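I am opening my notebook on a structure that is new to me. Come along, and I will write down what I look up.

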Amino acid sequence: MASPKKMFQIFVAFPDLGLPSRSLSLSPDLTLHRLKRSLYPYQTQTQTLNSLYFSLNGKPLLDSSTLSSAGVTSSALLTLRLRVAGGGGDGGATGAESRDCYLNMYAVKKPDKVDPNETRISRWTTCALSTEPLAPPCVIDRIGNIFNKEPLVEALIHKRLPKEFNHIRGLRDMIHIHLSPIPDAGRPEMRFQCPISGLEFNGKYGFVAIKGCGHVLSVKALKEVKSSACLVCHKEFSELDKVVINGSSDEVAVLRERMEEERGRLREKKEKKVGYSLSGTKHGVDEKARSLENVGNDRCRKRFKAVDIAPVNATKEVYASIFTSSKKTEFKETYSCRSLPLGRN
């Protein structure tokens, strides 16, 4: 009759379950699966038991192995741990089967969301070139962009204008505007409003600038008070004198077309003026009449003699001697002096 195998003592820890460690006397032929059932006699669900596993010195052990085959010796410490679902090794999906997808998930940085309200307010309260807060003196170009005058002039002088502002070629492409500040705005930067309706200059409402006087008024004020004169200075203006500030793409296209038409008219006027002066008819003088007049004057100068205009009491020969061309003599003149007939009486 075979003698029973000797029992040995081991220790079991439960770090994931929050239970105190236990000391057990077990047979070396006991399987780890039966050991789990002995620790949880009332736990009959196989799924729950499968969520637990033993490890020895950090190495996971199979439930079908015995204590001796798993290398468990006397006084060894077994750790009962809880499996994490989807952690790998149990058939669960990790979401990282494709290495490229895993890397791209962290490599591609999503752009930060931009608040449209902040973008709108920034466009209406800062310079389109320097992005600094608007502060007088301010100007607009012919398509409605608004600037602080000083940085725009400096960029023109040093030829540092960006491509989107290439239509600004000089001071004549700037329109000086008068912005009405909001009194006691309570903000560090200056804010502006319509001087008639009181609507804030922040992009919620449409605004136009009048070329002649430069006053900036809201579209609502111009609709309610229908007038062909500025509502601030009462200076007359036409529809072509209105420049929409920060308009839509369609409004900008209309303003750009109007700008090109004005430049075309100025170019034609300049070419016509240059051609008029080159044709010789400037100031109403005909070239042919001028040439005939010059011919007549030349003939008069050829017939001119000094003796013909001598004073009444003067001797004609003496008076004529003043002019070297009136009488041929032996005297010779140089650029420095006239040779005198020395030694003659």
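I began with terms: helices (H or I, at least four residues) and strands (E, at least two) are DSSP runs, numbered from the N terminus. The model is predicted, so local features need pLDDT of at least 70 and side-chain atom pairs count only at pLDDT 80 or more, while totals for chains, interfaces and linings use all residues. Residues are numbered from 1 along each chain as its sequence is written, and side-chain values use heavy atoms, leaving out hydrogens and water.

**Entry: proline 195.** I found proline 195 in the loop between strand S10 (192-193) and S11. Proline 181 is 14 residues from proline 195 in sequence, and 8.7 Å from it in space, C-alpha to C-alpha.

**Entry: leucine 82.** I placed leucine 82 in strand S5 (residues 77-82). Leucine 82 has a relative accessible area of 39%, so it counts as partly exposed.

**Entry: the second largest pocket.** I looked up what lines this pocket (on a 1 Å grid over the protein atoms alone, a pocket is an open set of points where a 1.4 Å probe fits, with protein on both sides within 12 Å along at least five of seven lines; lining residues have an atom within 4 Å of a point). Of its 25 lining residues, Val208, Val219, Leu222, Glu239 and Lys242 are the closest to the centre. Which element gives the most to the lining? I found that H7 does, with 4 residues.

Terms used. Buried < 20%, exposed > 50% of the residue type's maximum accessible area, 1.4 Å probe, protein only.
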